[in-house]
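This short report is for a reader who has not seen the model before. Please look over the sequence and the structure first.

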Amino acid sequence: MLKQSVTTNNLRLLPLLLFGLLFFTACEPDEIFMDDASPVEIFVSNDAPIAFQQMLAEVNALRAEGCRCGNQNMPAVGPLQWNSQLAAAASSHSEDMARVGQLNHAGSDGSNAGNRLERVGYSWQQYGENIASGFTSSSTVLQAWINSPGHCRNLMGANFTEMGAARKDNYWTQVFARPR
């Protein structure tokens with residue numbers, strides 16, 4: 001009887017534990033930054049690594065459908081193209097977070113996503129960044145971002161035209177942007 005009671009109590013705690021895991025592993029994204037309104041030239045590179053082709057396909061399927069981000073309905077928007085410069089910026093940030101063992105939008109050198117994009121030669125008009133830690137697959141981290149209103153709004157950002165993503169250990173970075 002005691003064993004059944006402990007199991008029942010453990011099952012009651014499961015949703016709380018899952019919420020805690022999401023809360024501590026996914027943080028609100030940085031604000032979306034916009035530079036001056038300049039004509040847009042889209043740099044397209046369809047060389048997404050196999051590991052991230054599925055993520056890009058899932059993000060684009062979500063964008064094509066539209067979804068609800070928290071209490072906000074997000075209409076369908078156009079697809080994103082993979083950009084290797086965004087992926088390089090994401091990779092450097094994931095590596096930095098893994099090296100210092102800390103989930104943070106600010107790099108250990110104080111950089112933000114815009115700084116990291118400029119370092120790889122990307123001229124941005126607007127950008128957004130999602131980060132997470134503790135997830136072992138692109139599908140699970142993507143689902144956590146979808147379930148988080150701020151991250152979800154980045155996924156559905158109508159002004160974003162490109163995406164890059166990277167993982168180092170279990171530190172994930174996803175960068176969205178619109179080039180100048």
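## Basis

The model is predicted; local features need pLDDT of at least 70, side-chain atom pairs count only at pLDDT 80 or more, and totals for chains, interfaces and linings use all residues. Residues are numbered from 1 along each chain as its sequence is written, and side-chain values use heavy atoms, leaving out hydrogens and water.

## Nonpolar cores

A nonpolar core is a set of buried Ala, Val, Leu, Ile, Met, Phe, Trp, Tyr and Cys residues joined through side-chain atoms within 4.5 Å. Buried means under 20% relative accessible area, exposed over 50%, and partly exposed in between (1.4 Å probe, protein chains only). The largest core has 26 residues, and Met 55, Trp 145, Met 156 and Met 163 have the most contacts inside it. Helix 2 (50-65) gives the largest share of this core, 5 residues. A second, separate core of 11 residues includes Leu 86 and Tyr 127.

## Helix 5

Helices (H or I, at least four residues) and strands (E, at least two) are DSSP runs, numbered from the N terminus. In helix 5 (residues 138-147), Ser 138, Val 141, Leu 142, Ala 144 and Trp 145 are buried. They lie on the same side of helix 5 because they cover an arc of only 160° around the axis, taken from the directions from the helix axis to the C-beta atoms.

## Two loop residues

His 105 lies in the loop between helix 3 (84-100) and helix 4 (113-119), and is buried at 7% relative accessibility.

Asp 169 is in the loop between strand 6 (162-168) and strand 7 (171-179). Asp 169 is exposed, with a relative accessible area of 52%, and its phi is near 55°, a positive value in a residue other than glycine.
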